[in-house]
Amino acid sequence: DAPGIFSPKKMARFYGDVYPIIKSVLPDCKVISSDPANIGSGTIKWHEAIFAAGGGKYFDILAGHPYRQKPERPDLDSDIADWVAMADRVKFKGDIWFTEGGNHPTLTLPGMSGTEPRFAPISTDMPGQHPLIDYNIRYVLLTMKHAARVKMFLNWTIQLPMNFLDGKPSPVAAEINAVAKTLGNATYVRDFKYGETIKTLAFNNGAGKGVAALWDWDDRLES
């Protein structure tokens with residue numbers, strides 16, 4: 001979570017010490033890099049310095065946590081592109097995983113902190129549920145754009161598929177199935193530009209048909 005705790009040189013030495021031990025016990029396992037709490041320019045430089053110190057030889061997956069105010073602020077699309085470009089610069093051929101991200105306590109727990117329980121049923125009528133559903137779908141779509149390198153996005157919100165009181169599925173649990181049914185094994189084709197806050201991604205849905213995802217991320221639409 002916090003790259004500032006250890007210098008890149010210390011991290012490279014740590015990777016070099018533990019990687020051979022892990023592989024000697026579980027030779028087929030995947031070793032994940034440290035995963036800082038954001039994927040901005042600072043953590044890109046930190047990871048690059050680890051590669052420069054030789055640490056990149058000692059993990060199989062490059063990881064990070066793309067937490068942010070919303071998928072477009074700061075822009076997840078360009079941040080992922082910067083991570084992929086960094087991996088290419090250092091000649092890292094492994095996959096990229098986002099091992100945390102997407103959690104918005106102010107939306108999932110209206111009026112409460114992220115550590116307090118909310119003793120009320122989840123409902124699409126509850127403030128915050130609609131934008132949260134939108135956010136999570138947009139996280140998936142923007143990650144799918146870069147699926148050639150990014151193979152996982154672990155969204156904390158989707159880990160909570162049921163209301164713990166009545167056992168009913170939450171609205172945010174249904175969203176991932178809706179995307180899967182629409183896009184299936186889709187591959188990204190191109191962007192279209194219609195406005196400053198309008199994002200449009202075109203995919204091939206895996207069955208030879210084109211599918212477009214379009215949304216407007218203007219804050220006024222979420223109030």
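Predicted model: local features only at pLDDT ≥ 70, side-chain atom pairs only at ≥ 80, totals over all residues.
Residues are numbered from 1 along each chain as its sequence is written, and side-chain values use heavy atoms, with hydrogens and water left out.

Let me begin with the overall layout. The chain has six helices and six strands, where helices (H or I, at least four residues) and strands (E, at least two) are DSSP runs numbered from the N terminus. Along the sequence, these elements follow the pattern α-α-β-α-β-α-α-β-α-β-β-β. Of the 223 residues in the chain, 44% are buried, and by buried I mean under 20% relative accessible area, with exposed being over 50% and partly exposed in between (1.4 Å probe, protein chains only). Of the contacts between residues at least 6 apart in sequence, 66% join residues at least 24 apart, a contact being heavy atoms within 4.5 Å.

Now to the strands. Strand 1, residues 61–64, pairs with strand 2 in the parallel sense over four bridges, and two strands are said to pair if DSSP finds at least two bridges between them. Ala63 has Trp97 of strand 2 as its bridge partner. Between these two strands the chain passes through helix 3, and this β-α-β crossover is right-handed, which means that, with the strands pointing away from the viewer, the path from the first strand over the helix to the second runs clockwise. Strand 2 is also joined to strand 3 by three bridges, again running parallel, and here the bridge partner of Ile96 is Val150 in strand 3.

In a regular strand the side chains alternate between the two faces of the sheet. In strand 2, Ile96 and Phe98 make up the covered face, whereas Asp95 and Trp97 make up the uncovered one.

Leu62, found in strand 1, is buried, with a relative accessible area of 0%. Leaving aside residues up to four places away in sequence, Leu62 touches several residues, among them His47, Phe51, Phe92 and Ile96.

Which aromatic rings come together? The whole structure holds eleven aromatic pairs, counting rings of Phe, Tyr and Trp (its six-membered ring) whose centres lie within 6.5 Å, with planes under 30 degrees apart called stacked, over 60 edge-to-face and the rest tilted. Phe51 and Phe92 form an edge-to-face pair, 5.6 Å centre to centre with 65° between the planes. Phe51 lies in helix 2 and Phe92 in the loop between helix 3 and strand 2, so this pair ties together parts that are 41 residues apart in sequence. Both Phe51 and Phe92 are buried. A second pair, Tyr139 with Phe153, is tilted, at 5.4 Å centre to centre and 40° between the planes, and it links helix 5 to strand 3 across 14 residues. Tyr139 counts as buried at 1% relative accessibility, and Phe153 is buried at 18%.

Finally, Phe51 and Phe92 belong to one aromatic cluster that also includes Phe14, Tyr15 and Phe59.
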